[in-house]
Amino acid sequence: MRNDDSPPPPEAAAAAGPDQRPWFTRRSTLVIAVAALAPTALAGWVLTQVLTGGGPEGRDAKPAAATSPVPVTPVTPASSPATPAKGPLTGRTVVIDPGHNTGNFKHTAEIDRQVDIGTARKECDTTGTTTNSGYMEAEFTFDVSLRLRTVLQAQGAKVVLTHEADRPWGPCIDERARIGNEAKADAVVSVHADGVSAGNRGFHVILPAKVKGGAADTAAIVEPSRQLGERIAGNFARTTGSAPANYLGAGTGLVVRDDLGGLNLSTRPKVFIECGNMRDAKDAAQLTSPEWRQKAAQGIADGIVGFLGG
Ligand code: ZN
């Protein structure tokens with residue numbers, strides 16, 4: 001959602017270097033991890049339904065069966081190649097921030113805690129939105145982020161995710177920003193989908209405003225972030241066929257904001273992308289399509305490659 005600041009960073013996400021273990025060892029670990037996570041995700045979903053009486057924002061979301069443990073399934077051993085591919089992004093680091101966390105609904109006390117974003121204090125994280133049928137924004141952002149990572153790694157990039165089914169909630173927005181900073185990322189993208197009323201359609205990229213206060217000082221990233229955002233917007237429109245949002249940004253698909261901790265605290269070029277409106281049936285039909293999500297990931301990746309001069 002655009003009202004939340006979903007890009008925080010946790011140490012838990014810190015991506016380690018290339019895994020030197022034999023592939024079969026990694027695979028075994030993966031299988032065990034997936035097996036362990038699936039029941040947790042399902043339990044979480046059930047609990048969410050009980051607590052909210054519907055979807056994450058109190059709507060009558062009847063999560064389709066397919067919406068439960070989805071986030072863990074796309075993980076493949078290819079995500080940690082022992083030998084990074086060579087390509088236009090070789091030597092570059094990209095941090096991907098999957099907005100929200102599917103577990104946030106069960107940890108409202110933790111995510112409601114206020115954190116310092118330099119210019120203000122704000123909730124640690126938010127739950128995000130859902131489609132009317134209960135597909136969670138956090139599921140969407142994680143799926144697109146995994147697809148994006150695969151595409152970027154094939155181009156030679158070192159990719160760091162701010163979280164990866166490795167924590168029950170969060171990270172907080174300040175932590176999400178810190179992960180990009182500490183990774184010395186050449187580009188950071190926070191993936192989201194909006195939750196506004198039906199009829200509002202399309203995507204938009206959020207750029208950091210020039211802010212200064214406390215730990216926030218975006219003067220150095222405003223311009224490169226705009227270049228990154230323009231590249232992503234153009235390529236996203238091309239690969240997905242989606243139009244820039246019809247409800248803000250004056251048709252440019254670009255919006256500048258000064259209230260997002262994930263942007264205010266970043267020292268690296270960074271943007272958010274709201275890929276569509278989960279509350280609009282036509283947009284939701286796209287957002288829930290794996291084929292469309294692959295196009296979305298490709299568009300974001302193409303924008304990053306263009307920005308980094310690939
Ligand atoms: Zn969001």
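Start with strand 1 (residues 93-98) and strand 5: the two run parallel and are joined by five bridges. Keep in mind that this is a predicted model. Now zoom in on one position of that pairing. Asp97 stands opposite Ser190 in strand 5.

Next, select strand 10 (residues 270-277). Strand 10 pairs with strand 5 over six bridges, in the parallel sense. Find Lys270 in strand 10; Val188 stands opposite. Is Cys275 buried or exposed? Its relative accessibility is 2%, so Cys275 counts as buried.

Go back to strand 5 and show residues 187-194. Eight of the eight are buried, so the strand is largely enclosed by the rest of the structure. Ala187, Val189, Val191 and Ala193 point one way. Val188, Ser190, His192 and Asp194 point the other way. In a regular strand, side chains alternate between the two faces of the sheet.

Last stop: the cysteines. How many disulfides does the structure hold? There is one. Select Cys124 and Cys172, whose sulfur atoms are 2.2 Å apart. Where do the two residues lie? Cys124 is in the loop between strand 3 (121-123) and helix 3 (137-154). Cys172 is in the loop between strand 4 (158-161) and helix 4 (173-182). The pair therefore ties together parts that are 48 residues apart in sequence. Check the torsion about the S-S bond: it is about -90°, so the disulfide is left-handed. Both Cys124 and Cys172 are buried.

Technical notes. Residues numbered from 1 in each chain as written. Predicted model: local features only at pLDDT ≥ 70, side-chain atom pairs only at ≥ 80, totals over all residues. Heavy atoms only, no water. Disulfide = S-S within 2.5 Å. Helix = DSSP H or I, 4+ residues; strand = E, 2+ residues; numbered from the N terminus. Buried < 20%, exposed > 50% of the residue type's maximum accessible area, 1.4 Å probe, protein only. Pairing = 2+ DSSP bridges.
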